[in-house]
Amino acid sequence: MATTKDDIITLPNPHLRQHSTKVKLVNKDIVKLVHNMTSAVKDWDKSRPHEVTVALAAVQVDELHRVIIVRDDFDHDKSASYSALINPEITKLEGPIKADYEGCLSIKSVYGMVPRHTKVRVKALDLDGKPFRVKAEGFLARVLQHEIDHLNGKLFIDRIKTKHKAFYQLTDKGELEQLDYEKYVQDNNILW
């Protein structure tokens, strides 16, 4: 049975706060996991007219393995394909720290202004178990940092130091509007 958007776990699921384990061997189970993750994000995309999935960590489909997938092209008008990074590890953070919008499939409908480095270097394994390195900047650097945080039990909301004027919600028209953080948490019984 194919993995769907309904298999993506959300807060307050405690697994999102756990460290994922290193993949010892890239085998058919890991390949299947990547396929299931891709299936889940493609299904999620079909349900969201104003958003597009750019990446996913295995923990988000409740698998505590150090695996992420990243969309190959961030243009949501194109057919989505994803690349897997097994045991991704940041080897260097570079560039200035800049705040920008981030959202997460595991934190429904909330976005935040998250400070991150503008450049990053990452090493990982591909689906054949071969090592490779990525040097990324801009949006891709942000995406890689966000997903690797997931593998360490950290969410984008943990990176926001000042809650006032840092959170947003997507409207039905696809626009971000500022969220009253305290009221939102109280009204929705949020346990962040």
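These legends go with a set of close-up views of the structure above.

This is a predicted model, where local features need pLDDT of at least 70, side-chain atom pairs count only at pLDDT 80 or more, and totals for chains, interfaces and linings use all residues. Residues are numbered from 1 along each chain as its sequence is written, and side-chain values use heavy atoms, with hydrogens and water left out.

View 1. Arg 142 sits in helix 2, which runs over residues 139–151. Helices here are DSSP runs of H or I with at least four residues, strands are runs of E with at least two, and both are numbered from the N terminus. With a relative accessible area of 8%, Arg 142 is buried. The accessibility labels work like this: buried is under 20% relative accessible area, exposed is over 50%, and partly exposed is in between, using a 1.4 Å probe and protein chains only. The Arg 142 side chain makes a polar contact with the side chain of Glu 102 at 2.7 Å. For that label, two N or O atoms must be within 3.5 Å; within protein, one must be able to donate a hydrogen and the other to accept it, and residues adjacent in sequence count only if both atoms are side-chain atoms. Leaving out residues up to four places away in sequence, Arg 142 touches Lys 98, Ala 99, Asp 100, Tyr 101, Glu 102, Val 114 and Arg 116, where contact means heavy atoms within 4.5 Å.

View 2. Through shared partners, salt bridges join Glu 102, Arg 116, Arg 142, Asp 149 and Arg 159 into one network.

**View 3. Glu 94 with Lys 92 and Arg 121.** Glu 94 forms a salt bridge with Arg 121, with the closest N and O atoms 3.0 Å apart. That pair links distant parts of the chain, since Glu 94 belongs to strand 3 (residues 82–104) and Arg 121 to strand 4 (residues 107–125), 27 residues apart. The Glu 94 side chain also meets that of Lys 92 in a salt bridge, at 3.7 Å from N to O. Glu 94 is buried at 18% relative accessible area, while Arg 121 at 30% and Lys 92 at 42% are partly exposed.

**View 4. The largest pocket.** About 680 Å³ of space lies in this pocket. Among the 31 residues lining the pocket, Trp 44, Gly 103, Cys 104, Leu 105 and Tyr 111 are the closest to its centre. On a 1 Å grid over the protein atoms alone, a pocket is an open set of points where a 1.4 Å probe fits, with protein on both sides within 12 Å along at least five of seven lines, and lining residues have an atom within 4 Å of a point. Strand 3, strand 4 and helix 2 each supply at least two lining residues. The lining splits into 15 nonpolar, eight polar and eight charged residues; Ala, Val, Leu, Ile, Met, Phe, Trp, Tyr, Cys and Pro count as nonpolar, Asp, Glu, Lys and Arg as charged, and the others, Gly among them, as polar.

**View 5. The second largest pocket.** Here the space comes to about 190 Å³, a volume being the space filled by probe spheres set on the grid points, which are joined across faces, edges and corners. Strand 3 gives the largest share of the lining, four residues. The lining divides into six nonpolar, one polar and five charged residues, including Lys 22, Arg 66 and Asn 87.

View 6. Most residues other than glycine have a negative phi, and most peptide bonds are trans. Asn 87, in strand 3, has a positive phi of about 55° despite not being a glycine, and is buried at 11% relative accessibility. Asp 62 also has a positive phi, near 65°, and is found in the loop between strand 1 (55–57) and strand 2 (67–71). A cis peptide bond joins Leu 11 and Pro 12, with omega about 15°.

Key
A salt bridge is a side-chain nitrogen of Lys or Arg within 4 Å of a carboxyl oxygen of Asp or Glu.
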